[in-house]
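Open the model in your viewer and keep the selection panel at hand. The tour goes chain by chain, one stop at a time.

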Amino acid sequence: MKETVYSRRKFIKSLSIGVGSLLLLPKCTFEKTSSWRFFTNEEGLLVDAIVEQIIPTDEWPGAKDAMVTNFIDKQLVGPYARHQEIYRNSLSAIQIACRNAFNKKFEELDWDKQTSFLISLEKNEIVSKMIDKSATHGNAISDADKKFIENWLKGNFFNLIRNHTMQGFYGSPRHGGNYKFVSYRMIGLDPYPIMGQNRYKASSNG
Amino acid sequence: MANKHVNAIVVGAGAGGGVVAKELSVAGMSVVLFERGGWANYDDHDQDELFSQRTTVLGNAYGPDNIRYKRVRMWSEGEKTIVLPNEGGYGNNAACVGSGTVSYGAMAWRFMPEDFKMKSTYGPVEGSTLEDWPISYEDLEPCYEKAEWEIGVAGDDSLNPFAPPRRKPRPMPPFEHNKEAQLLQATAKRLGWYPFPIPMLRNSIPYGGRPQCYRIRGCVGFACPVNAKCGTHNTVIPVAIATGNCELRINCVVSEINVNNSGNITGVTYFDEKNKKQTQTADIVVVAGSATETARLLLNSKSSFFPAGIGNENDWVGRNLQDHAYCGAAGIFDYELYDDKGPGASIAISDFNHHNPGIVGGGVICNEFNALPYLFTGIRPPGSARWGAEHKKFQRENYKRIGRVQGPYQEMPSFEARVDVDNEVRDFWGIPVCRISGRASIKDAEGTAFMADKAEKWLLEAGAIQTWKTGVVTGERPAGGGQHQAGTCRMGNDPKTSVCDKFGRVHSTPNLFVADGSLHVTNGGFNPALTIMALGYWVGGHIAGEWQKGNRFK
């Protein structure tokens with residue numbers, strides 16, 4: 001656990017060597033303390049947990065160590081800027097749902113509980129499950145929370161983050177995921193040769 | 001400062017337009033070739049699966065871009081969705097010099113004689129505008145030959161008894177099969193079929209001053225890093241420019257075809273690279289913008305002479321939009337089939353293109369192009385895990401053990417499948433965008449089921465331990481309009497039921513031509529690029545020949 005935190009720090013640090021002035025300075029100005037571009041630190045922990053469920057660590061590193069959260073964060077201020085709203089609200093809705101049902105954050109749940117939560121999310125059953133849970137706990141979910149969860153989790157958020165996780169894990173490292181071609185090595189594919197005049201791109205993993 | 005008048009304007013530097021520009025400029029005509037994009041550069045997107053022309057989740061490597069372009073999709077009646085160029089429903093054809101021929105898989109098929117005579121071969125099909133072409137395979141054969149020799153095709157028909165007749169072999173020998181294709185070759189022979197190497201617009205030997213293909217993994221979807229893929233951008237367009245008669249104007253977006261009071265075409269209005277509106281005049285205009293964009297340009301060119309758009313007197317422009325109904329099968333083997341020899345697609349059978357019991361037409365069946373790792377996350381048996389530990393294990397264990405065969409079933413044209421323009425939705429330049437609506441023919445269900453069945457049989461005979469079918473049409477589905485888009489300015493002899501004559505001239509004008517897949521009456525059971533190139537030679541050759549005889553198309 002400590003090691004992965006370190007590896008992300010190390011990554012951010014290495015990032016700051018390359019494009020640090022661009023990325024970090026504005027954040028200092030606004031006194032924003034997140035280590036991400038779009039995500040808050042709390043959201044980052046949640047996304048780490050979700051993507052790790054989607055591609056878990058086994059004998060090969062999982063999505064978290066492959067920097068999939070970094071991939072998604074990077075795309076959300078780029079080509080996926082149009083998904084910012086759904087990420088912000090859906091992540092928040094997941095935490096509200098978990099607080100109501102378990103009195104815990106998603107990332108604090110047992111592995112198997114996280115998995116079954118995501119299966120319900122995939123099957124679009126979160127709201128009904130939440131109501132059942134709340135009933136057994138005796139603390140009914142508030143109408144506002146229920147409405148918020150309904151609004152943001154009934155759609156395709158799971159499909160969206162599932163696809164983005166696959167992209168981050170199996171795509172090109174130049175977009176911030178697939179750290180050191182981990183998925184290619186897992187599959188048994190040699191990393192592709194970098195051709196053409198822009199060979200310097202081979203080392204830019206930002 | 002006004003632009004100098006030229007003999008001909010060609011709109012679109014892709015498979016059709018690049019060839020037309022070359023034919024006209026070699027014949028001595030002055031030409032301006034317009035292209036909305038620029039020159040594609042491999043180095044910008046080297047083997048980047050997420051940003052290519054095949055998997056476009058982060059954008060189209062060679063355009064169109066998401067900032068300036070969009071389209072409207074009517075997924076169902078009254079349900080209007082804006083789609084961006086990197087999204088599935090858009091139907092992206094690369095916006096660059098050479099267009100799709102820069103990044104295609106480069107299969108180089110000639111259509112078969114029956115493909116030009118679908119109605120007389122099979123009779124009318126209920127609910128479909130199935131029709132014969134006004135030209136035959138024999139008419140187009142010399143044009144196919146020119147395309148093969150001037151642009152460059154590797155292949156050999158000797159193993160394919162269904163190959164259409166030809167006068168001259170292809171200029172390059174076929175490629176050697178990869179491991180998957182070697183297995184499928186032996187298997188197909190056991191089944192009594194006739195497997196043969198896929199003809200390819202790629203250099204199997206050095207050709208045209210460009211080197212031999214080195215079998216890179218990521219070929220389809222990418223420009224070639226060593227320029228061994230043959231497109232119009234590295235063959236006919238440079239030839240056109242070298243004549244001194246052709247000016248290629250890149251990053252210019254043509255918005256309208258201009259018409260005078262007597263119904264003659266006078267040129268085009270376009271936005272130049274600085275987005276400044278300009279006019280270019282010419283004696284003739286040839287539109288080759290692809291089936292969607294050509295129809296859009298004609299429909300956006302409204303005048304008192306053509307109130308519904310040019311050529312649209314009978315509401316046929318944009319109709320009969322076709323694509324291909326891709327179908328086939330995938331199979332898991334208990335050993336590794338993958339040998340990393342790009343582009344993957346290597347072997348074909350043409351046994352099921354025509355004269356199949358109970359269905360109209362058919363299609364070629366080939367082993368599939370390599371699926372790069374992200375694309376592979378969408379390939380798995382129905383009902384299996386799509387995420388979690390099980391899915392990760394599936395990826396790891398099966399990436400190199402899956403064989404896939406599939407082919408383009410020839411869609412039955414449907415009058416309701418159409419492109420028109422949406423005046424409420426405009427692109428960056430304020431031009432009304434394409435709106436794609438309607439349904440593809442329901443008849444495709446039987447044909448795709450038939451082909452997928454053969455594909456699965458092939459894999460089972462090859463020893464696959466688990467197989468499943470892909471792409472079988474099961475119900476109503478939206479109109480196509482993908483990279484194989486065709487049919488929207490159908491050629492025909494009757495002006496009431498077609499847009500262009502047999503030489504691609506728009507019936508209701510003396511000097512406006514179409515030269516791309518829009519002309520296709522039917523789209524064949526093959527990838528259409530070589531046929532679009534051949535039509536470029538057909539239309540361009542006709543114009544150049546008439547011009548040299550003194551015809552000024554007035």
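This is a predicted model: local features need pLDDT of at least 70, side-chain atom pairs count only at pLDDT 80 or more; totals for chains, interfaces and linings use all residues.

**Stop 1: chain A**

Chain A has nine helices and zero strands. Step along from the N terminus: the elements run α-α-α-α-α-α-α-α-α.

Now colour chain A by burial. Of its 206 residues, 47% count as buried. Switch to a surface view. The accessible surface of chain A comes to about 10500 Å². Carbon and sulfur atoms account for 54% of that area.

Turn to contacts within chain A. Take those between residues at least 6 apart in sequence: 63% of them join residues at least 24 apart.

**Stop 2: aromatic pairs**

Display the aromatic side chains. Over all chains, the structure holds 33 aromatic pairs. Select F111(B) and F526(B), which form a stacked pair. Their rings lie 6.4 Å apart centre to centre, with 25° between the planes. The planes count as stacked because the angle is under 30 degrees.

Where does each partner of this pair sit in chain B? F111(B) is in the loop between α2 (100-103) and α3 (118-122) of chain B. F526(B) is in the loop between β17 (512-514) and α11 (529-548) of chain B. The pair links distant parts of the chain, 415 residues apart.

Check the burial of both rings. F111(B) has a relative accessible area of 0%, so it is buried. F526(B) is buried too, with a relative accessible area of 2%.

Next, select F116(B) and Y137(B). This aromatic pair is tilted, at 6.3 Å centre to centre and 50° between the planes. F116(B) belongs to the loop between α2 and α3 of chain B. Y137(B) is in helix α4 (residues 137-152) of chain B.

**Stop 3**

**Stop 4: charges over rings**

Which ring does K168(B) lie over? Select W149(B): K168(B) lies over its face, at 4.2 Å from the ring centre.

Finish with R202(B) and F175(B). The charged end of R202(B) sits over the ring of F175(B). The distance to the ring centre is 4.1 Å.

Technical notes. Residues are numbered from 1 along each chain as its sequence is written. Chains are lettered from A and ligands numbered from 1 in the order in which they are written. Side-chain values use heavy atoms; hydrogens and water are left out. Helices (H or I, at least four residues) and strands (E, at least two) are DSSP runs, numbered from the N terminus. Buried means under 20% relative accessible area, exposed over 50%, partly exposed in between (1.4 Å probe, protein chains only). Contact means heavy atoms within 4.5 Å. Accessible areas come from the Shrake-Rupley method with a 1.4 Å probe; for residues, only the protein chains shown count as cover. Rings of Phe, Tyr and Trp (its six-membered ring) pair if their centres lie within 6.5 Å; planes under 30 degrees apart count as stacked, over 60 as edge-to-face and the rest as tilted. A charge sits over a ring if NZ of Lys or CZ of Arg is within 6 Å of the ring centre and within 35 degrees of the ring normal.
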